[in-house]
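Hi,

Here is the structure I said I would pass on. Have a look first, and my notes follow below.

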Amino acid sequence: MTGVSWASKTGMVLALTGLAFGAGEIRKDLHFKVGKRPMVSINNPYGPIVVKAGVPHEVVVSAILHSDKVELDQSSSRNRVDVISHLLPGADQNTGVVEYEVQVPPEADVTVHSENGRIHVEKLGGDIATEGSDSSIEVLDCSNGHVHVKTLNGPVNLSNVRNVHVDIISMGGNVLLSGVDGPFVSVNSNSGKIQYAGDFGDEGEYDFTSHTGDIEAVAPAYASIDVMARSDQGHVESDFSLAPKHTPFYVRGGKSFHGTLNKATSSVKLFSFSGRIHLKKRQN
Amino acid sequence: MNCPEFERILPEVLEGGHTAERQAHLNSCSTCSNLLADLSDISVQAKTLADSAEPSPIVWNAIEAQLRSEGLIRRSAPAPATPPWFRRWQNLWFVPVAAALAIVVGIKFYHPAGAGENIQTARHIVVTPGATVRPVSSEDQQFLDAVATRHPARQARYLADKHNADAFIDDAKEVVKDNPGDVYAQQMLINAYEQKQMLYDLAVDRSSGQ
């Protein structure tokens, strides 16, 4: 009898402890039926947003609210789904946190915003727009759409993003592009470093600009590029022996160069005001 | 924690966000501890002006003296006791802007080279009283109003970003001025303005994220 009593007491204590720990968090699961190529928007001031490819014709949103100081506002009409973390009076960057995991049809167009939470988008084929202040932004294994990134100081990482129109604006966040190609790839950074590792695809235009941030592009020897680089107050160098080409501006040694490699099917422009620019040869 | 990492979280530390790790770095690094002390002084003095219609010359002089002592500014010409530009700026917003500007300049340029950071700024910075105060457009004012409602640490970051965006615009303008027919210089100027536009969009349009 005593043993049973102790067991039940222990069970009660464990149950109450569990309740106490879980009391602040609220889980919500939302399901939306959608048509072909839906538009999904998630606006979450505080907390991470992870978006992955799910099944066709369905959007599944799993959200963990960290307190009752925040609630979910949702709306859907035809092919559009909007979910907003609505901060209530008294909410701050701790109590206002919502963690999202979202599954969307692979061809969905997605717009996500978070002030400081991680933004992760994976395996999608539609248009992707992400915005963040300090959020780290990752876009992996996506293809065939547009990728727009706006960030103030969060790092940006695009990896294995193919045949995509890329447009990134960053103030202080470093931008890393690995295995990224498409008809137009643009990075506009202030002080953040821009790093590109890839072969620049075929017949694409790659424009990387910074104010003070360094620009580093690593390409294989077989890359087919027409590359123009200039840093007004920084240093410029290339590991490649480029075939010289006429430039519309005065070429200063160590400050700018313009040349081609192989058939020069892609255009690469690397411009900085005072950042260092380095076109590196990939060591295989 | 190293010096660049400490600088990144400096706005939080200024708001009292101390942790054991941060304190350990402060204890071991006189450069960062001095920087924090100086910026705290500036911040405290700026707050004392919140209720006045015009900042005290004492505060401006203290900021100026601090920047001059660090070799960050130099006087281009003897300044009058009450310079003309000073009288134009009698609105309250001048106080946080001037203080934030001083903090931004302090954060960006105080740290000496060779302390483990890859210093990006190669330009010779000349800051003279009045020269750093640019005209405020309606968009600027809207931005400042929106930022003023944010958490102080967030405010500091927004103002630092604005400073960097403005610096990019100024530098790009100079390049265009020197090379009027250079389409790439013009594109760089457009990019600089795009950065500022993005900053304003994120600060003003996303006011829900306090």
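Which residue stands opposite Met228(A) in S23(A)? That would be His258(A).

Before the rest, some housekeeping: this is a predicted model, where local features need pLDDT of at least 70, side-chain atom pairs count only at pLDDT 80 or more, and totals for chains, interfaces and linings use all residues. Residues are numbered from 1 along each chain as its sequence is written, chains are lettered from A and ligands numbered from 1 in the order in which they are written, and side-chain values use heavy atoms, with hydrogens and water left out.

Back to chain A. Helices (H or I, at least four residues) and strands (E, at least two) are DSSP runs, numbered from the N terminus. Met228(A) belongs to the strand S20(A), residues 225-231. S20(A) pairs with S23(A) (residues 256-261) in the antiparallel sense, over six bridges; two strands pair if DSSP finds at least two bridges between them. S20(A) also pairs with S24(A) (residues 266-272), here in the parallel sense and over seven bridges. In that pairing, Asp226(A) stands opposite Ser267(A).

S20(A) is mostly covered, with seven of its seven residues buried (under 20% relative accessible area; exposed is over 50%, partly exposed in between, with a 1.4 Å probe and protein chains only). Ile225(A), Val227(A), Ala229(A) and Ser231(A) point one way, while Asp226(A), Met228(A) and Arg230(A) point the other. In a regular strand the side chains alternate between the two faces of the sheet.

Elsewhere in chain A, have a look at Ser135(A), in the loop between S10 (128-132) and S11 (137-143). Ser135(A) is buried, with a relative accessible area of 0%. A polar atom of its side chain lies 2.9 Å from the backbone oxygen of Gly117(A), and one lies 3.4 Å from the backbone nitrogen of Asn116(A). Leaving out residues up to four places away in sequence, Ser135(A) touches (heavy atoms within 4.5 Å) several others, among them Ser114(A), Ile119(A), Thr151(A) and Pro155(A).

Chain B has ten helices and zero strands. Of its 210 residues, 42% are buried. In helix H3(B), residues 20-28, the buried ones are Arg22(B), His25(B) and Leu26(B). Seen down the axis, these fall within an arc of 100 degrees, so they line one face of the helix (the arc is that of the directions from the helix axis to the C-beta atoms). On the other side, Ala20(B), Asn27(B) and Ser28(B) are exposed.

Cheers

Technical notes
Polar contact = N/O pair within 3.5 Å; in protein donor to acceptor, adjacent residues only side chain to side chain.
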